[in-house]
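Me: Hey, I've just opened this one and I'm new to it. Can you walk me through it?
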Amino acid sequence: MTSLRTGPVLTFSAKTPLQITVALGGLVPVGAGLAGIILGPAMAGRGAVDASLDSHFSYLSGLLLAVGLAFWGLIPGIERRGHQVRLLTWLVMVGGLGRLVSLRRVGPPDSAMQAALIMELVVTPAICLWQWRLAGALTRAEQG
C-alpha cells in the first residue's frame with residue numbers, strides 16, 4: 001500500500017468524499033432542471049402562464065440541467081479539474097446573485113428557492129474551495 005505522501009492513496013481516499021458530495025449536490029440542479037423543463041413554471045407553483053414565460057423558464061431550466069450534468073462529468077478526475085470547477089462555480093454564483101437581486105426587489109421566495117440560494121452562494125463555492133485545497137494537497141504530495 002502506498003503512503004499518503006506518494007499520491008495514489010491520497011488520490012483515491014482524499015477525493016472520494018468530494019466526489020460523493022458533488023454527486024449528491026448535482027441531484028439538485030439536475031432534478032430542478034428536469035422538473036423545470038417538464039413542468040414549466042408550474043414547478044414553482046405558477047398556474048396559467050403565457051408562452052414567452054414558459055419558454056424562458058424552460059430555457060433557464062435547461063441551463064440548470066446542463067450545469068448539473070457538467071458537474072457530474074467532472075467527478076472522475078475532480079482533483080485535476082480546477083478550471084472547470086471554478087467556471088461552473090462562477091456560473092452558479094452569478095445565477096445566485098441574480099436570485100439575490102430578486103429577493104431584494106420583491107421579497108423572499110418560498111423555502112425551496114431560499115435553499116437554492118444557499119446552494120448557489122454557499123455550498124457551491126465551498127465545494128470549489130474544497131476542490132482547490134485537494135488539488136493543492138495532491139500537487140504537494142506529488143512533489144515530495
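Predicted model: local features only at pLDDT ≥ 70, side-chain atom pairs only at ≥ 80, totals over all residues.

Me: Which residue does Lys15 form a salt bridge with?
Reply: Glu79 is the partner, and the closest N and O atoms are 3.3 Å apart. Glu79 sits in the loop between α4 (51-74) and α5 (82-106), while Lys15 is in the loop between α1 (8-14) and α2 (16-25). The two are 64 residues apart, so the pair links distant parts of the chain.

Me: And Glu79, buried or exposed?
Reply: Buried, with a relative accessible area of 9%. The cut-off for buried is under 20%.

Me: How many salt bridges turn up in the whole structure?
Reply: The search finds 3. Another one joins Arg80 and Glu142, with the closest N and O atoms 2.3 Å apart. Arg80 lies in the loop between α4 and α5 and Glu142 in helix α6 (residues 111-143), so this pair ties together parts that are 62 residues apart in sequence. Glu142 is partly exposed, at 46% relative accessibility.

Me: What about Glu120, which residue does it pair with?
Reply: Arg99, and there the closest N and O atoms are 2.7 Å apart. Glu120 is in helix α6 and Arg99 in helix α5, so they tie together parts 21 residues apart in sequence. Glu120 counts as buried at 11% relative accessibility, whereas Arg99 counts as partly exposed at 25%.

Me: OK, new topic. How many helices and strands are there?
Reply: The chain has 6 helices and 0 strands. Its C-alpha atoms fill a box of roughly 60 × 30 × 20 Å along the principal axes.

Me: What share of the residues is buried?
Reply: Buried residues are 28% of the 144 in the chain. As for contacts with a separation of 6 or more, 64% of them are between residues 24 or more positions apart.

Me: And the surface, what is it like? Which residues make a nonpolar patch there?
Reply: The chain exposes about 8900 Å², and carbon and sulfur atoms supply 68% of that. The patch is made by Leu34, Ile37, Ile38 and Leu39, and covers about 390 Å². Leu34 belongs to helix α3 (residues 27-39) and is partly exposed, with a relative accessible area of 41%.

Notes. Residues numbered from 1 in each chain as written. Heavy atoms only, no water. Patch = residues over 30% accessible without salt bridge, like charges linked within 9 Å, V, L, I, M, F, W, Y side chains within 5 Å. Areas by Shrake-Rupley, 256 points an atom, 1.4 Å probe, with all protein chains shown as cover. Salt bridge = Lys/Arg side-chain N within 4 Å of Asp/Glu carboxyl O. Helix = DSSP H or I, 4+ residues; strand = E, 2+ residues; numbered from the N terminus. Buried < 20%, exposed > 50% of the residue type's maximum accessible area, 1.4 Å probe, protein only. Contact = heavy atoms within 4.5 Å.
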